[in-house]
Amino acid sequence: MVNVEDLFVHCYVVVDDLIRAGQVVIPGRPGPAPGCSDAEVITIALVRNLLGRRSESAFLTEVATNQPGLFPVLPHHSEFNRRVRWLWGAFEQIRAAVTDLVPADQWGQLDTTALPVKHPSRVRGADGWVGPNGLVARFGRDAAHGEWFYGFRLAVRTDLGSRVIRAWSIVPAAVNERDLIPDLLHGADPGLIGLLTDKGFSSAQVRATLAAQGITLLVPPTKKQRASMPPTLQAVIAAWRNRIEPRSRS
């Protein structure tokens with residue numbers, strides 16, 4: 001059983017230390033300092049996600065009821081939500097700093113998942129739905145579910161064993177998955193020797209480019225190849241692929 005108060009304290013210490021050390025840089029804002037610091041807001045948001053609490057407003061009520069001494073000045077839900085969205089860059093800096101403390105696996109995985117924003121039947125002409133950083137939604141094919149969707153793709157690179165997320169990117173749905181590999185491999189550990197991906201990332205050119213970097217590309221076998229494989233080997237390959245599928249859909 002997780003001691004929630006200890007979790008709050010641990011997360012706050014990590015966040016505050018990173019801010020004080022300059023590893024997390026938060027731009028200044030005009031006006032008086034808020035009663036609830038940026039480190040406190042980040043801590044509450046992190047713990048909510050770690051505990052899997054779906055409702056932000058309900059979690060703020062839970063914190064005010066169960067841990068009143070930890071956060072004496074809690075902002076209203078609307079203010080809290082605005083500040084969390086404004087601090088998105090700090091969350092990414094924290095993720096990168098904490099991830100760097102975990103030794104990287106020699107094998108990684110790549111995968112994408114659909115992020116639909118509107119049902120395709122409701123899109124008329126050049127819709128122009130704009131997402132983060134000015135990205136414009138597009139149509140794309142969701143191979144996992146065999147259907148078209150309108151929106152974006154979330155691409156991630158994780159360690160094969162620990163499933164620690166090493167890199168991620170949000171792109172329009174129409175982007176070719178193979179074009180995402182350079183960005184996802186940017187800053188990868190030099191000890192990376194292999195990648196397990198689905199067929200959408202594979203091509204002769206991609207294999208050759210990665211081989212020149214000392215990286216082997218491994219994709220799940222085709223239906224014809226599986227027919228000649230021992231069931232045990234098929235189960236192993238499926239199990240490893242399934243390690244990233246739930247993570248890329250979370």
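Visitor: Which residues of helix H4 (residues 77-86) are buried?

Guide: Welcome! This is a predicted model, and in it the buried residues of H4 are Phe80, Arg83 and Val84. They span an arc of only 100° around the axis, which puts them on the same side of H4.

Visitor: How should I read that spacing?

Guide: The general idea is that an α-helix has 3.6 residues a turn, so residues three or four places apart point the same way.

Visitor: What covers the buried residues of H4?

Guide: Among the elements that cover them are helix H2 (38-51), helix H3 (56-66) and helix H5 (88-99).

Visitor: Now the strands, please. In what sense do E2 and E3 pair, and over how many bridges?

Guide: Strand E2 (residues 138-142) and strand E3 (residues 147-159) run antiparallel, with five bridges. Gly140, for instance, has Phe149 in E3 as its bridge partner. Four residues lie between the strands of this hairpin, where Gly146 adopts a positive phi near 60°.

Visitor: Where is Asp198, and what does its side chain reach?

Guide: Asp198 sits in the loop between strand E5 (194-196) and helix H7 (204-212). Its side chain reaches the backbone nitrogen of Gly200 at 3.1 Å. Asp198 and Glu177 are 21 residues apart along the chain, and 9.9 Å separates their C-alpha atoms.

Notes:
Residues are numbered from 1 along each chain as its sequence is written. This is a predicted model: local features need pLDDT of at least 70, side-chain atom pairs count only at pLDDT 80 or more; totals for chains, interfaces and linings use all residues. Side-chain values use heavy atoms; hydrogens and water are left out. Buried means under 20% relative accessible area, exposed over 50%, partly exposed in between (1.4 Å probe, protein chains only). Helices (H or I, at least four residues) and strands (E, at least two) are DSSP runs, numbered from the N terminus. The arc is that of the directions from the helix axis to the C-beta atoms. Contact means heavy atoms within 4.5 Å. A polar contact is a pair of N or O atoms within 3.5 Å; within protein, one must be able to donate a hydrogen and the other to accept it, and residues adjacent in sequence count only if both atoms are side-chain atoms. Two strands pair if DSSP finds at least two bridges between them.
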